[in-house]
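Biologist: I am new to this structure and would like to learn how to read it. Could you walk me through it?

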Amino acid sequence: TLVAAISERIMPTTDPPGAIAAGVPAFIEMMLADWYAEGERNEFLAGIKTFDDFAHAQHARNFVTLTPEHQDAALKCAMGGMMPGLSATFFEHCRQMVLLGYFTSEIGCRQERVYLPVPGRYDGHYPYAQVKRIFSA
């Protein structure tokens, strides 16, 4: 889907799995259905549709069928406020939804970060250089 394609380009699969594997598209759909007011949901969905409109205008194809390079170029346009018809705050809103969904998933907590279940030993002077990742609990 369009939400999955955008999510995966924002948080792509590298060494840890990306947004799709972490269930971010389902998280965003749940948030839109269960937590957003109708106006906010419609505004978000209109912003998502703008990506398809932009892809059609630029390449005569749907956003999902574009090459990763063309998808990234579209995201850069959105990030820079240069995508016609897209709210200036939409990209950051979408990015925050992807990050929230990713880092609250099991993949985000256990593979991207070092998982320390609570209760655990608190060490306020733990050397970051030993792990080079953020801890989550």
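Biologist: What share of the contacts between residues at least 6 apart in sequence join residues at least 24 apart?

Modeller: A contact means heavy atoms within 4.5 Å. In the protein chain, that share is 52%. Please note that this is a predicted model, where local features need pLDDT of at least 70 and side-chain atom pairs count only at pLDDT 80 or more, while totals for chains, interfaces and linings use all residues. Residues are numbered from 1 along each chain as its sequence is written, and side-chain values use heavy atoms, leaving out hydrogens and water.

Biologist: How many helices and strands are there?

Modeller: Both are DSSP runs numbered from the N terminus: helices are H or I with at least four residues, strands E with at least two. Here the protein chain has six helices and two strands, in the order α-α-α-α-α-α-β-β from the N terminus on.

Biologist: Which residues have the most contacts inside the largest nonpolar core?

Modeller: In soluble globular proteins, nonpolar side chains tend to be buried together. A nonpolar core is a set of buried Ala, Val, Leu, Ile, Met, Phe, Trp, Tyr and Cys residues joined through side-chain atoms within 4.5 Å; buried means under 20% relative accessible area, with a 1.4 Å probe and protein chains only. The largest one here has 34 residues, and Ile 6, Ile 28, Phe 44, Ile 48, Phe 51 and Phe 63 have the most contacts inside it. Elements giving two or more residues to this core include α1 (2-10) and α5 (90-103), and α5 provides the largest share, six residues.

Biologist: What does Phe 44 touch, leaving aside neighbours within four places in sequence?

Modeller: Phe 44 is in contact with Ile 28, Leu 32, Phe 90, His 93, Cys 94 and Met 97.

Definitions and conventions
Buried < 20%, exposed > 50% of the residue type's maximum accessible area, 1.4 Å probe, protein only.
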